[in-house]
Amino acid sequence: MEPPVFATRRALLGGLAALPVVGAWPAMAFVRQTDAAAEAALDAVFAEAAPPALAAGIVTREGLGWTGVRGVRRAGADDPATLDDRWHLGSNTKAMTAAVFGRLVDQGRARWAMPLAEAFTGMTIDPAWAAITLDDLMHHRAGLLDGPLINQSWLIAAHGDQRPLPEQRAAFAARALGAPPRGPVGQFAYGNGNYIVLGAAIEALTGEAWEAVMQAGLFTPLGLASAGFGAPRGDAPWGHQDGVGVDPAGLADNPPALGPAGTAHMNLADYGRFVAAMMGSRPDWLSEGTRAQLLTPAAGSPPAYAAGWGVIRAPWAGVGGPGPAITHSGSNTLWFATVLAAPERGIGFITLSNDGTAGQRACTTLIRRLAEVHATA
């Protein structure tokens, strides 16, 4: 089969559409009281959408509360999916790439609003990029469009590229920044190229591969032992496209060079630890100022998009009234992942599936129902 292509705009809009419009959260410890309702919602959505497998969890700053999983690791086989299984997160990796950049800011190795030329010293950059910063890349407002850069022929070539990954990403950044922006600067245009260039900047600033920075700056300090890159291999679910399983030993993910934009995988518990940290559970890992910066959308035309997160004010998400809800969806067309969280409330929802089509329907529907269950408990 052809290499999978990122579900970019579809994935983002799927995440924004998942935000439920429901009443205020009750002022009680409601997670334990609604486990039965969450189980019922999981059963109903799994039956309706019929993906090979569907997993979900409800997370607080203390970690995962309720969790559930249904289905099989591979369509047509009997091996059941489990709560320990690893799931591909697709574009939900973007928030992680932004977070490791935030760690560099906390360490004094980078700064917010850093111009591209300051990050890529020695690279020939078109003068039209002079006022554009790494923050603009994180917010998809740099004028960098995927179309001229990420196409099927490039994906095929990238799969066979044997150069070290930092070299590949530096070459991508040089190609992207060597010509003027193709899109309107300052206006939202979702694109994976923004985060590939951001990953290349992280590598230029640290002298290490993005994968190593992720391991040292995120996976290890948060204890994400199941985390890795690419399609999960070994004892794990396969990804599916329209119900057909794709062997992870083949072309089951985008090229590794695209990693900063969306190749992370991990199990539900580890992803819950990351979501909890983004809700403020680990101020020792990420300063409060940096966390706020990462979750604050850029000024300008809608949609409201922060650093790897869509942001909406919702009546149920604040303490005693409306507050911000953060959300994102990711897919490489073989998997689907959705997260929705209210940082002020300290409550979040995660849904994961090993199918890019039925999984999208299942994840977006289930996350809405889980939020509704908890908002009306």
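R369 is partly exposed at 27% relative accessibility, a class between buried (under 20% relative accessible area) and exposed (over 50%), computed with a 1.4 Å probe on protein chains only. Its salt-bridge partner is E48, with the closest N and O atoms 3.1 Å apart; a salt bridge requires a side-chain nitrogen of Lys or Arg within 4 Å of a carboxyl oxygen of Asp or Glu. Because E48 belongs to helix α2 (residues 35-49) and R369 to helix α13 (residues 358-375), the pair ties together parts 321 residues apart in sequence. Helices (H or I, at least four residues) and strands (E, at least two) are DSSP runs, numbered from the N terminus. E48 itself is exposed, at 51% relative accessibility.

The model is predicted: local features need pLDDT of at least 70 and side-chain atom pairs pLDDT 80 or more, whereas totals for chains, interfaces and linings use all residues. Residues are numbered from 1 along each chain as its sequence is written, and side-chain values use heavy atoms, without hydrogens and water.

In total, 13 salt bridges were found in the whole structure. In the one between D235 and R73, the closest N and O atoms are 2.3 Å apart. D235 lies in the loop between β4 and β5 (239-241) and R73 in the loop between β2 (63-71) and β3, so parts 162 residues apart in sequence are tied together. D235 is exposed, with a relative accessible area of 58%, whereas R73 is buried at 8% relative accessibility. A further salt bridge joins R282 and D284, with the closest N and O atoms 2.8 Å apart.
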